[in-house]
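Colleague: I have a model open and would like to go through it with you. Can we start with the overall layout and then look at some contacts?

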Amino acid sequence: MAAAAATLYEMLRPRSVYLVDYACFCTRPNCRVPFATFLEHAKLVTFVEGASIDERSVRFVTRLLERSGLGEETCLPPAHHYIPPYRNMEASRVEVELVIFSAIDDLLAKTSISPAAIDILVVNCSLFAPIPSFTDMIIHRYGMRPDIRNVLWWC
């Protein structure tokens, strides 16, 4: 009876999850976009695309930037530095691969963990849904096990 109770307890008790380490993507300084550049760029993009931005909209965007918590060191992806911005699947995929793979490369280098030793992969994104999915791209790129549990969370 005691052995059965101990076994049941082991199976049902909450498992501890530990953060081994983390890594953040840090872009190149040439991707920095100060507020003034962002506003000028927004005006030019709307002009090139045939729309117009009035002074009220400029004031709104300025207030939004000031209150957003973004600073003068905020960066935009390379595709957004063009007029008009590159808004296509290829530019989005290049951006995703740059950010995700750079962060994972740094994390694996810092921890010396083999990708084959990873049991669970959780990826979160709110804007871009490519096929293959982010989790599939990561598993393929790093040669992770085929039985890895993976979750792609969209918010």
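Colleague: What distance separates the centres of domain 1 and domain 2?

Modeller: The two centres, taken over C-alpha atoms, are 29 Å apart. Domain 1 covers 30-86 and domain 2 covers 88-154; these bounds come from an automatic or database domain assignment.

Colleague: What kind of model is this, and how are residues numbered?

Modeller: This is a predicted model, with residues numbered from 1 along each chain as its sequence is written. Local features need pLDDT of at least 70 and side-chain atom pairs count only at pLDDT 80 or more, while totals for chains, interfaces and linings use all residues, and side-chain values use heavy atoms, leaving out hydrogens and water.

Colleague: Where is confidence lowest?

Modeller: In helix 2 (residues 35-48), with a mean pLDDT of 74; helix 5 has the highest, at 93. The chain averages 83, and 92% of the residues score at least 70. pLDDT is the predictor's confidence in each residue, from 0 to 100. Helices are DSSP runs of H or I with at least four residues, strands are runs of E with at least two, and both are numbered from the N terminus.

Colleague: New topic. How many aromatic pairs are there?

Modeller: A search of the whole structure finds one. Phe 101 and Tyr 142 are edge-to-face, 5.9 Å centre to centre with 75° between the planes. Rings of Phe, Tyr and Trp (its six-membered ring) pair if their centres lie within 6.5 Å; planes under 30 degrees apart are stacked, over 60 edge-to-face, and the rest tilted.

Colleague: Why does that pair tie together parts apart in sequence?

Modeller: Phe 101 lies in helix 4 (residues 89-111) and Tyr 142 in helix 5 (residues 134-142), so the pair joins parts 41 residues apart in sequence.

Colleague: Are Phe 101 and Tyr 142 buried or exposed?

Modeller: Both are buried. Buried means under 20% relative accessible area, exposed over 50%, and partly exposed in between (1.4 Å probe, protein chains only).

Colleague: And how many salt bridges?

Modeller: Four. The term means a side-chain nitrogen of Lys or Arg within 4 Å of a carboxyl oxygen of Asp or Glu. One of them joins Asp 105 and Arg 141, with the closest N and O atoms 4.0 Å apart.

Colleague: Which residues are linked in a network of salt bridges?

Modeller: Asp 119, Arg 145 and Asp 147. Arg 145 meets Asp 119 at 3.0 Å, N to O, and Asp 147 at 2.9 Å. Asp 147 is exposed, at 53% relative accessibility, whereas Arg 145 is partly exposed, at 24%.
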